[in-house]
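Have the model open as you read.

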Amino acid sequence: MSYTYLQSGVDVVRNDEFTDYIKHSLKFPEWVIKEPTGYATILNFTNPPIVLTADGVGSKLLLHIEHGRWEDAAQDLIAMNYNDIICVGGRPKAFVDYLGVNHINKVHYEFIGALIKKLEYYEMSLVAGETAEIPSIYTEKDWDVAGFCIGTLERKIPVDSINYGDIIIGLPASGFHSNGWSLIRKIITDERIDINTLDFDLLQGTKIYNNVLKVFEHVKGIAHVTGGGILRALKRVLRDKGWDIHIELPDYMKWILQYVEMEEAMKTFNMGYGMILIAEPSRFDEIIRITGGDIIGKVSNNTIIVVE
């Protein structure tokens, strides 16, 4: 059987329509700096400007709860915000959390402890938050968490300067990261898969690309590969331009492709790359030295994708 994201209950088109509705309903004040990729918002009422974003772990959290993976859950929550902030040239600094639970218990203490520890490792601080006990919404076992990240703008990434012939650099992912999990969970359930028997760590936390902070001056575009998979990430940063890329699949992607068609995978998963950088060819050596990424292609007139 071939599975789809829609079958797992997630309608990407419906989500896009709602997002467009919100965008068209808003009128931004003059102190909001326009940023075309939409990864984070830049607020220009301080010097330097503030960068702000919000995100969560998604349904991957259900598996973290089931298996007691608090450090990985904390890593996921931080990464989904941290990586978005750096896409617009911001340095993440402060973090705020919202924890919605049935009743506060031991696991929430363990999770918050892991969150504080991880934030300190990445030179951030948990500065505020809200914990809400809502037994009428959350079951005894289930809970949810959202993160809000604040940073300062170091360099507004010049995506408008991207040209045909610029190189596309892929930074390896640590796994599926925190997207596509409704589909993954459906496959695990329907196929009766014991995740402990897999050859890779399915629940490994999302990679945090803190080294990208060191290459802001060398890049023209940065794309965090999240919702919508690698295709949407490329579209967000390249917009009307095409791409000629070559993808080498890691073990976890080869596994999921037993259950999902390639077209569905391309618009759902990261395909092995958690972050994409766009730069002039002359910047290649320095970027690779710092980030450990690989050239996976170039900006082109026509879109070509080769998968191995």
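There are twelve aromatic pairs in the structure, where a pair means rings of Phe, Tyr and Trp (its six-membered ring) with centres within 6.5 Å; planes under 30 degrees apart are stacked, over 60 edge-to-face and the rest tilted. Take phenylalanine 18 and tyrosine 21: their ring centres are 6.4 Å apart and the planes sit at 20 degrees, so this pair is stacked. Phenylalanine 18 and tyrosine 21 are three residues apart in helix 1 (residues 12-25), so about one helical turn separates them. Phenylalanine 18 and tyrosine 21 are both exposed; exposed means over 50% relative accessible area, buried under 20% and partly exposed in between (1.4 Å probe, protein chains only).

Phenylalanine 176 and tryptophan 181 make an edge-to-face pair, with 6.2 Å between centres and 85 degrees between planes. Phenylalanine 176 is buried because its relative accessibility is 4%, and tryptophan 181 is buried too, at 2%. Ring pairs join Phe176 and Trp181 to Phe200, Tyr252, Trp255, Tyr259 and Phe269 in a cluster.

A word on ground rules: this is a predicted model, so local features need pLDDT of at least 70 and side-chain atom pairs pLDDT 80 or more, while totals for chains, interfaces and linings use all residues. Residues are numbered from 1 along each chain as its sequence is written, and side-chain values use heavy atoms, leaving out hydrogens and water.

Rings also meet charges here. A charge sits over a ring if NZ of Lys or CZ of Arg is within 6 Å of the ring centre and within 35 degrees of the ring normal.

| Charged residue | Ring | Distance to ring centre |
|---|---|---|
| Arginine 236 | Tyrosine 39 | 3.7 Å |
| Lysine 241 | Tyrosine 164 | 5.6 Å |

Now for helix 5. Helices (H or I, at least four residues) and strands (E, at least two) are DSSP runs, numbered from the N terminus. In helix 5, Trp181, Ser182, Leu183, Ile184, Ile187 and Ile188 are buried, and the buried residues of this helix pack against helix 2 (60-67) and helix 7 (251-256). After helix 5 comes arginine 192, with a positive phi near 55 degrees.

Asparagine 179 is in the loop between strand 7 (167-172) and helix 5 (181-190). Is asparagine 179 buried or exposed? Asparagine 179 counts as buried, because its relative accessibility is 17%. Beyond neighbours within four places in sequence, asparagine 179 is in contact (heavy atoms within 4.5 Å) with Met80, Ile184, Val225, Thr226, Gly227 and Phe269.

Asparagine 179 also lines the largest cavity, along with Phe176, His177, Val225, Thr226, Thr268, Phe269 and Asn270. That cavity has a volume of about 40 Å³, and the lining divides into three nonpolar, five polar and no charged residues.

Finally, the backbone. Most residues other than glycine have a negative phi, and most peptide bonds are trans. Asparagine 47 and proline 48 are joined by a cis peptide bond, with omega about 5 degrees; proline 48 is in the loop between strand 2 (41-43) and strand 3 (50-56). Glutamate 123 is not a glycine, yet has a positive phi of about 60 degrees. Glutamate 123 is in the loop between helix 4 (106-121) and strand 5 (125-133), and at 66% relative accessibility glutamate 123 is exposed.

Notes:
On a 1 Å grid over the protein atoms alone, a cavity is a set of points where a 1.4 Å probe fits but cannot get out, and a pocket is an open set with protein on both sides within 12 Å along at least five of seven lines; lining residues have an atom within 4 Å of a point. Grid points are joined across faces, edges and corners, and a volume is the space filled by probe spheres set on the points. Ala, Val, Leu, Ile, Met, Phe, Trp, Tyr, Cys and Pro count as nonpolar, Asp, Glu, Lys and Arg as charged, and the others, Gly among them, as polar.
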